[in-house]
Amino acid sequence: MDLIRNRYLLVPFLVVFLAFCLDKLLILENVHTYFSKSLSDINYIQKNELYEDLKDYLKEKNRDKVLVYFGNSRALLFDNDYIHLKYPGWVMFNFSVPGGKPDYVLQWMEQFEKDNVRPDFFLFDHSVEMFNSSATLKVDETLTNGLNVSFVLKHFSSFSTDEISTLIAKRMFRAYQYRPKLEVIITRAKNRNNMLIPYRTLRNNLMANLKKGKGSAMTPGTHEAVLPAELLKKSAYGDFHSYLVPFRFSDQILSFTDQSLQLAKKLNVPSAVIWVRLSLPYMDHIRKMKVSVGENKEGTVYEDWYPRMEKYHSQNGIPFWNMNDDPEYSCNEFSDAGHMSPSCYDEYTDYIFKKLNQSLVMGAR
(Lines give C-alpha, C1' and ligand atoms only; values in the text may rest on other atoms or scores of the structure.)
Protein backbone atom coordinates (compact mmCIF):
# COMPACT_ATOMS: atom_id res chain seq x y z
CA MET A 1 0.00 0.00 0.00
CA ASP A 2 2.83 2.38 0.84
CA LEU A 3 4.32 1.74 -2.59
CA ILE A 4 1.00 2.55 -4.27
CA ARG A 5 0.63 5.76 -2.33
CA ASN A 6 4.25 6.73 -3.03
CA ARG A 7 4.36 5.99 -6.72
CA TYR A 8 7.46 8.11 -7.16
CA LEU A 9 9.39 5.21 -5.62
CA LEU A 10 8.66 3.28 -8.81
CA VAL A 11 10.36 5.85 -11.01
CA PRO A 12 13.92 4.42 -10.68
CA PHE A 13 12.65 0.93 -11.56
CA LEU A 14 10.71 2.30 -14.51
CA VAL A 15 13.77 4.15 -15.77
CA VAL A 16 15.92 1.01 -15.54
CA PHE A 17 13.21 -1.06 -17.28
CA LEU A 18 12.87 1.43 -20.13
CA ALA A 19 16.66 1.68 -20.48
CA PHE A 20 16.87 -2.12 -20.61
CA CYS A 21 14.17 -2.33 -23.31
CA LEU A 22 15.78 0.45 -25.34
CA ASP A 23 19.13 -1.29 -25.02
CA LYS A 24 17.64 -4.46 -26.56
CA LEU A 25 17.04 -2.52 -29.76
CA LEU A 26 20.79 -2.43 -30.23
CA ILE A 27 20.93 -6.14 -31.03
CA LEU A 28 18.56 -5.78 -33.98
CA GLU A 29 20.61 -6.32 -37.14
CA ASN A 30 19.44 -3.16 -38.92
CA VAL A 31 20.09 -1.06 -35.81
CA HIS A 32 23.54 -2.08 -34.59
CA THR A 33 24.99 -2.01 -38.10
CA TYR A 34 24.87 1.77 -37.75
CA PHE A 35 27.69 1.65 -35.18
CA SER A 36 29.19 -1.84 -34.78
CA LYS A 37 32.51 -2.68 -36.41
CA SER A 38 33.11 -6.36 -35.74
CA LEU A 39 31.95 -9.32 -37.81
CA SER A 40 32.88 -12.00 -35.28
CA ASP A 41 29.38 -12.17 -33.77
CA ILE A 42 28.14 -13.56 -37.09
CA ASN A 43 30.19 -16.72 -36.44
CA TYR A 44 28.40 -17.23 -33.12
CA ILE A 45 24.95 -16.53 -34.55
CA GLN A 46 25.49 -18.98 -37.40
CA LYS A 47 26.47 -21.88 -35.14
CA ASN A 48 22.87 -22.35 -34.01
CA GLU A 49 21.82 -22.89 -37.62
CA LEU A 50 24.86 -25.12 -38.19
CA TYR A 51 23.77 -27.34 -35.31
CA GLU A 52 20.33 -27.81 -36.81
CA ASP A 53 21.93 -28.57 -40.19
CA LEU A 54 24.19 -31.13 -38.51
CA LYS A 55 21.30 -32.92 -36.84
CA ASP A 56 19.47 -33.14 -40.16
CA TYR A 57 22.59 -34.32 -42.01
CA LEU A 58 23.29 -37.10 -39.51
CA LYS A 59 19.84 -38.54 -40.25
CA GLU A 60 20.55 -38.85 -43.98
CA LYS A 61 21.15 -42.23 -45.56
CA ASN A 62 24.48 -42.76 -47.31
CA ARG A 63 25.91 -39.63 -45.69
CA ASP A 64 29.62 -38.90 -45.38
CA LYS A 65 31.37 -39.33 -42.06
CA VAL A 66 31.29 -36.16 -39.98
CA LEU A 67 34.22 -34.47 -38.27
CA VAL A 68 33.11 -31.80 -35.78
CA TYR A 69 35.87 -29.31 -34.98
CA PHE A 70 35.69 -27.05 -31.93
CA GLY A 71 38.40 -24.40 -32.27
CA ASN A 72 38.94 -20.66 -32.38
CA SER A 73 40.06 -18.13 -34.99
CA ARG A 74 42.95 -20.45 -35.89
CA ALA A 75 40.48 -22.88 -37.45
CA LEU A 76 38.05 -20.81 -39.50
CA LEU A 77 39.23 -21.25 -43.06
CA PHE A 78 38.78 -24.92 -43.98
CA ASP A 79 37.44 -25.92 -47.36
CA ASN A 80 35.00 -28.85 -47.56
CA ASP A 81 35.49 -29.03 -51.33
CA TYR A 82 39.17 -29.81 -50.71
CA ILE A 83 38.22 -32.33 -48.02
CA HIS A 84 35.70 -34.03 -50.32
CA LEU A 85 38.24 -34.20 -53.16
CA LYS A 86 41.19 -35.50 -51.14
CA TYR A 87 39.38 -37.36 -48.36
CA PRO A 88 36.18 -38.67 -49.95
CA GLY A 89 33.67 -39.91 -47.45
CA TRP A 90 34.37 -37.12 -44.94
CA VAL A 91 32.83 -33.70 -44.26
CA MET A 92 33.69 -31.13 -41.60
CA PHE A 93 31.13 -29.25 -39.55
CA ASN A 94 33.19 -26.44 -38.10
CA PHE A 95 32.00 -25.06 -34.74
CA SER A 96 35.11 -22.89 -34.36
CA VAL A 97 34.49 -19.25 -33.48
CA PRO A 98 36.75 -16.23 -32.90
CA GLY A 99 37.93 -16.36 -29.30
CA GLY A 100 36.45 -19.82 -28.85
CA LYS A 101 37.19 -21.14 -25.35
CA PRO A 102 36.62 -24.50 -23.63
CA ASP A 103 33.61 -23.15 -21.72
CA TYR A 104 31.82 -22.45 -25.01
CA VAL A 105 32.79 -25.91 -26.26
CA LEU A 106 31.39 -27.53 -23.12
CA GLN A 107 28.11 -25.66 -23.61
CA TRP A 108 27.80 -27.22 -27.06
CA MET A 109 28.91 -30.66 -25.87
CA GLU A 110 26.19 -30.63 -23.22
CA GLN A 111 23.70 -29.89 -26.00
CA PHE A 112 25.13 -32.70 -28.15
CA GLU A 113 24.77 -35.09 -25.22
CA LYS A 114 21.26 -33.90 -24.39
CA ASP A 115 20.09 -34.42 -28.00
CA ASN A 116 22.18 -37.57 -28.48
CA VAL A 117 23.90 -36.03 -31.51
CA ARG A 118 26.72 -38.34 -32.58
CA PRO A 119 29.12 -37.30 -35.34
CA ASP A 120 31.94 -39.66 -36.27
CA PHE A 121 34.78 -37.72 -34.67
CA PHE A 122 35.29 -34.74 -32.35
CA LEU A 123 38.37 -32.54 -32.60
CA PHE A 124 39.01 -30.11 -29.75
CA ASP A 125 41.54 -27.30 -29.44
CA HIS A 126 44.30 -26.65 -26.90
CA SER A 127 45.32 -22.99 -27.17
CA VAL A 128 47.98 -22.14 -24.62
CA GLU A 129 46.66 -18.57 -24.33
CA MET A 130 43.28 -19.82 -23.10
CA PHE A 131 44.96 -21.53 -20.15
CA ASN A 132 46.33 -18.26 -18.78
CA SER A 133 44.16 -16.80 -16.04
CA SER A 134 46.35 -13.69 -15.67
CA ALA A 135 46.62 -12.40 -19.23
CA THR A 136 47.06 -8.67 -19.73
CA LEU A 137 44.55 -8.79 -22.59
CA LYS A 138 41.49 -10.88 -21.78
CA VAL A 139 39.70 -12.94 -24.41
CA ASP A 140 36.01 -12.57 -23.52
CA GLU A 141 34.18 -13.13 -26.81
CA THR A 142 32.52 -16.33 -25.59
CA LEU A 143 31.14 -14.43 -22.62
CA THR A 144 29.77 -11.59 -24.72
CA ASN A 145 28.63 -13.55 -27.79
CA GLY A 146 28.48 -17.26 -27.05
CA LEU A 147 27.59 -18.41 -23.56
CA ASN A 148 24.01 -18.78 -22.44
CA VAL A 149 23.17 -17.28 -19.06
CA SER A 150 21.67 -20.64 -18.06
CA PHE A 151 25.02 -22.35 -18.74
CA VAL A 152 26.91 -19.82 -16.63
CA LEU A 153 24.41 -20.21 -13.79
CA LYS A 154 24.76 -24.00 -13.99
CA HIS A 155 28.56 -23.72 -13.76
CA PHE A 156 28.54 -20.60 -11.61
CA SER A 157 31.42 -21.72 -9.37
CA SER A 158 33.62 -22.21 -12.45
CA PHE A 159 33.61 -18.52 -13.36
CA SER A 160 35.42 -15.65 -11.66
CA THR A 161 33.64 -12.57 -10.34
CA ASP A 162 35.23 -10.57 -13.17
CA GLU A 163 33.79 -12.96 -15.75
CA ILE A 164 30.34 -12.82 -14.16
CA SER A 165 30.52 -9.02 -14.14
CA THR A 166 31.52 -8.99 -17.81
CA LEU A 167 28.65 -11.30 -18.70
CA ILE A 168 26.09 -9.17 -16.86
CA ALA A 169 27.41 -5.86 -18.16
CA LYS A 170 27.92 -6.81 -21.80
CA ARG A 171 25.08 -9.29 -22.23
CA MET A 172 22.36 -7.42 -20.36
CA PHE A 173 23.39 -4.01 -21.63
CA ARG A 174 24.65 -4.17 -25.19
CA ALA A 175 25.46 -0.46 -25.16
CA TYR A 176 28.32 -1.35 -22.84
CA GLN A 177 29.56 -3.98 -25.28
CA TYR A 178 29.19 -2.02 -28.50
CA ARG A 179 29.75 1.48 -27.06
CA PRO A 180 27.91 3.20 -29.94
CA LYS A 181 29.32 6.57 -30.94
CA LEU A 182 27.01 9.26 -32.26
CA GLU A 183 29.68 10.38 -34.73
CA VAL A 184 29.80 6.90 -36.31
CA ILE A 185 26.00 6.64 -36.44
CA ILE A 186 25.66 10.01 -38.16
CA THR A 187 28.46 9.25 -40.61
CA ARG A 188 26.96 5.93 -41.63
CA ALA A 189 23.47 7.42 -41.87
CA LYS A 190 24.77 10.14 -44.19
CA ASN A 191 26.78 7.67 -46.25
CA ARG A 192 24.39 4.75 -46.52
CA ASN A 193 25.50 3.68 -49.99
CA ASN A 194 29.22 3.94 -49.29
CA MET A 195 29.40 2.76 -45.68
CA LEU A 196 26.22 1.30 -44.20
CA ILE A 197 25.00 -0.84 -47.11
CA PRO A 198 28.47 -2.32 -47.87
CA TYR A 199 28.88 -3.21 -44.17
CA ARG A 200 25.50 -4.94 -44.11
CA THR A 201 26.43 -6.73 -47.33
CA LEU A 202 29.66 -7.98 -45.72
CA ARG A 203 27.71 -9.40 -42.80
CA ASN A 204 25.13 -11.05 -45.04
CA ASN A 205 27.82 -12.52 -47.28
CA LEU A 206 29.74 -13.88 -44.30
CA MET A 207 26.60 -15.55 -42.98
CA ALA A 208 25.93 -17.08 -46.40
CA ASN A 209 29.54 -18.28 -46.75
CA LEU A 210 29.50 -19.81 -43.27
CA LYS A 211 26.34 -21.72 -44.16
CA LYS A 212 27.84 -22.88 -47.44
CA GLY A 213 31.14 -23.83 -45.77
CA LYS A 214 29.42 -25.63 -42.88
CA GLY A 215 30.89 -23.20 -40.35
CA SER A 216 34.08 -22.37 -42.26
CA ALA A 217 34.56 -19.05 -44.05
CA MET A 218 37.06 -16.23 -44.28
CA THR A 219 36.08 -13.11 -42.37
CA PRO A 220 36.83 -10.09 -44.61
CA GLY A 221 39.95 -8.24 -43.52
CA THR A 222 41.57 -11.13 -41.67
CA HIS A 223 44.16 -13.75 -42.61
CA GLU A 224 44.59 -12.27 -46.07
CA ALA A 225 48.37 -12.20 -46.49
CA VAL A 226 51.69 -13.60 -45.40
CA LEU A 227 53.25 -11.21 -42.90
CA PRO A 228 56.89 -10.22 -43.62
CA ALA A 229 59.48 -11.60 -41.20
CA GLU A 230 60.20 -8.36 -39.31
CA LEU A 231 56.52 -7.57 -38.84
CA LEU A 232 55.93 -11.16 -37.74
CA LYS A 233 58.57 -10.75 -35.02
CA LYS A 234 56.84 -7.60 -33.76
CA SER A 235 53.48 -9.34 -33.83
CA ALA A 236 54.90 -12.28 -31.87
CA TYR A 237 56.42 -10.01 -29.22
CA GLY A 238 53.16 -8.11 -28.82
CA ASP A 239 50.94 -11.18 -28.64
CA PHE A 240 53.25 -12.93 -26.20
CA HIS A 241 53.18 -10.03 -23.75
CA SER A 242 49.46 -9.46 -24.22
CA TYR A 243 48.30 -13.03 -23.71
CA LEU A 244 51.04 -14.93 -21.86
CA VAL A 245 52.76 -12.50 -19.47
CA PRO A 246 52.44 -13.23 -16.61
CA PHE A 247 51.33 -16.85 -16.91
CA ARG A 248 49.11 -18.57 -14.35
CA PHE A 249 47.85 -21.99 -15.40
CA SER A 250 44.07 -22.30 -15.17
CA ASP A 251 42.92 -25.66 -13.84
CA GLN A 252 39.37 -24.56 -14.60
CA ILE A 253 40.05 -24.35 -18.34
CA LEU A 254 41.44 -27.88 -18.26
CA SER A 255 38.35 -28.96 -16.32
CA PHE A 256 36.06 -27.56 -19.05
CA THR A 257 38.04 -29.47 -21.69
CA ASP A 258 37.99 -32.65 -19.62
CA GLN A 259 34.22 -32.46 -19.19
CA SER A 260 33.81 -32.09 -22.96
CA LEU A 261 36.04 -35.08 -23.61
CA GLN A 262 34.12 -37.15 -21.07
CA LEU A 263 30.86 -36.27 -22.81
CA ALA A 264 32.41 -37.40 -26.11
CA LYS A 265 33.21 -40.74 -24.46
CA LYS A 266 29.65 -40.93 -23.12
CA LEU A 267 28.40 -40.44 -26.68
CA ASN A 268 30.84 -43.15 -27.79
CA VAL A 269 32.41 -40.82 -30.33
CA PRO A 270 36.22 -40.91 -30.75
CA SER A 271 38.02 -37.63 -30.18
CA ALA A 272 41.39 -35.91 -30.10
CA VAL A 273 42.86 -32.56 -29.09
CA ILE A 274 45.06 -30.40 -31.32
CA TRP A 275 47.61 -27.69 -30.54
CA VAL A 276 47.51 -25.64 -33.72
CA ARG A 277 50.73 -24.37 -35.27
CA LEU A 278 52.00 -20.97 -34.08
CA SER A 279 54.59 -18.82 -35.85
CA LEU A 280 58.25 -19.62 -35.17
CA PRO A 281 59.07 -16.30 -33.43
CA TYR A 282 55.99 -16.65 -31.20
CA MET A 283 56.96 -20.21 -30.28
CA ASP A 284 60.50 -19.02 -29.62
CA HIS A 285 59.16 -16.72 -26.89
CA ILE A 286 56.95 -19.49 -25.51
CA ARG A 287 59.86 -21.92 -25.35
CA LYS A 288 62.66 -19.63 -24.18
CA MET A 289 61.50 -16.38 -22.57
CA LYS A 290 61.39 -16.43 -18.77
CA VAL A 291 58.21 -15.03 -17.25
CA SER A 292 56.43 -15.16 -13.92
CA VAL A 293 54.65 -18.52 -13.75
CA GLY A 294 53.77 -18.46 -10.05
CA GLU A 295 54.36 -16.68 -6.78
CA ASN A 296 58.10 -15.93 -6.68
CA LYS A 297 58.62 -18.39 -9.52
CA GLU A 298 59.95 -17.84 -13.02
CA GLY A 299 60.11 -20.15 -16.00
CA THR A 300 59.06 -20.45 -19.61
CA VAL A 301 55.42 -20.82 -20.58
CA TYR A 302 56.30 -24.01 -22.42
CA GLU A 303 57.94 -25.56 -19.35
CA ASP A 304 54.92 -24.72 -17.21
CA TRP A 305 52.12 -25.61 -19.63
CA TYR A 306 53.23 -28.42 -21.88
CA PRO A 307 54.11 -31.08 -19.27
CA ARG A 308 50.65 -30.63 -17.77
CA MET A 309 49.10 -31.35 -21.16
CA GLU A 310 51.28 -34.41 -21.72
CA LYS A 311 50.38 -35.74 -18.29
CA TYR A 312 46.67 -35.20 -18.80
CA HIS A 313 46.60 -36.90 -22.20
CA SER A 314 48.77 -39.78 -21.03
CA GLN A 315 46.57 -40.44 -18.00
CA ASN A 316 43.32 -40.23 -19.96
CA GLY A 317 44.33 -41.88 -23.23
CA ILE A 318 43.25 -38.91 -25.34
CA PRO A 319 45.28 -38.37 -28.55
CA PHE A 320 47.15 -35.04 -28.51
CA TRP A 321 48.14 -33.71 -31.94
CA ASN A 322 50.97 -31.26 -31.38
CA MET A 323 51.56 -29.35 -34.61
CA ASN A 324 54.29 -27.22 -33.02
CA ASP A 325 56.64 -30.11 -32.23
CA ASP A 326 55.75 -32.39 -35.11
CA PRO A 327 58.57 -32.56 -37.70
CA GLU A 328 56.08 -33.82 -40.30
CA TYR A 329 54.32 -30.45 -40.43
CA SER A 330 56.30 -27.70 -42.11
CA CYS A 331 54.09 -24.84 -43.36
CA ASN A 332 55.28 -21.63 -41.68
CA GLU A 333 53.44 -18.87 -43.51
CA PHE A 334 51.50 -16.67 -41.10
CA SER A 335 49.14 -13.71 -41.29
CA ASP A 336 50.15 -12.75 -37.76
CA ALA A 337 51.92 -14.41 -34.83
CA GLY A 338 49.15 -16.87 -34.09
CA HIS A 339 47.24 -17.38 -37.34
CA MET A 340 48.40 -19.46 -40.25
CA SER A 341 47.99 -17.93 -43.68
CA PRO A 342 45.27 -19.40 -45.93
CA SER A 343 48.14 -20.79 -47.99
CA CYS A 344 48.78 -23.30 -45.19
CA TYR A 345 45.24 -24.61 -44.89
CA ASP A 346 45.57 -27.45 -47.39
CA GLU A 347 48.57 -28.78 -45.47
CA TYR A 348 46.77 -28.06 -42.19
CA THR A 349 43.82 -30.12 -43.44
CA ASP A 350 46.14 -32.93 -44.56
CA TYR A 351 47.71 -33.01 -41.10
CA ILE A 352 44.33 -33.33 -39.40
CA PHE A 353 43.02 -36.11 -41.63
CA LYS A 354 46.26 -38.07 -41.50
CA LYS A 355 46.12 -37.99 -37.70
CA LEU A 356 42.39 -38.72 -37.73
CA ASN A 357 42.79 -41.82 -39.86
CA GLN A 358 45.70 -43.02 -37.72
CA SER A 359 43.62 -42.47 -34.59
CA LEU A 360 40.65 -44.42 -35.98
CA VAL A 361 42.92 -47.29 -37.04
CA MET A 362 44.50 -47.45 -33.59
CA GLY A 363 41.09 -47.28 -31.95
CA ALA A 364 39.81 -50.16 -34.07
CA ARG A 365 42.54 -52.49 -32.87
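## A guided tour of the predicted model

Begin by selecting Asn116, which is placed in the loop between helix H6 (102-115) and strand E3 (121-125). The structure on display is a predicted model. With a relative accessible area of 45%, Asn116 is partly exposed. Then select Lys266, which lies 150 residues from Asn116 along the chain. The C-alpha atoms of Asn116 and Lys266 are separated by 9.8 Å.

Now display the whole chain as a cartoon. The chain contains 17 helices and 9 strands. Of its 365 residues, 48% are buried. If contacts are counted between residues at least 6 apart in sequence, 80% of them join residues at least 24 apart. Switching to a surface view shows an accessible surface of about 18,600 Å², and carbon and sulfur atoms account for 56% of that area.

The interior is the next stop. In soluble globular proteins, nonpolar side chains tend to be buried together. Select Phe70, Phe95, Phe112, Phe122, Phe247, Ile286 and Trp305, the residues with the most contacts inside the largest nonpolar core, which has 61 residues. Apart from this core lies another, of 30 residues; Leu232, Ala272, Trp321 and Tyr345 are among them.

Return to Phe95 and show what surrounds this residue. Which residues is Phe95 in contact with, leaving aside its neighbours within four places in sequence? They are Lys47, Leu50, Tyr51, Leu54, Val68, Tyr69, Phe70, Tyr104, Trp108 and Phe112.

Finally, select Cys331 and Cys344 and show their sulfur atoms. A search of the whole structure finds 1 disulfide, and it joins Cys331 to Cys344, with an S to S distance of 1.9 Å. Cys331 is in the loop between strand E7 (320-322) and strand E8 (334-336), whereas Cys344 is in the loop between strand E9 (339-340) and helix H17 (345-364). The two cysteines are 13 residues apart.

Why is this disulfide left-handed? The torsion about the S-S bond of Cys331 and Cys344 is about -80°, and the disulfide is therefore left-handed.

Are these two cysteines buried or exposed? Cys331 counts as buried because its relative accessibility is 10%, which is under the 20% cut-off. Cys344 is buried as well, with a relative accessible area of 0%.

Conventions: Residues are numbered from 1 along each chain as its sequence is written. This is a predicted model: local features need pLDDT of at least 70, side-chain atom pairs count only at pLDDT 80 or more; totals for chains, interfaces and linings use all residues. Side-chain values use heavy atoms; hydrogens and water are left out. Helices (H or I, at least four residues) and strands (E, at least two) are DSSP runs, numbered from the N terminus. Buried means under 20% relative accessible area, exposed over 50%, partly exposed in between (1.4 Å probe, protein chains only). Contact means heavy atoms within 4.5 Å. Accessible areas come from the Shrake-Rupley method with a 1.4 Å probe; for residues, only the protein chains shown count as cover. A disulfide is a pair of cysteine sulfur atoms within 2.5 Å. A nonpolar core is a set of buried Ala, Val, Leu, Ile, Met, Phe, Trp, Tyr and Cys residues joined through side-chain atoms within 4.5 Å.
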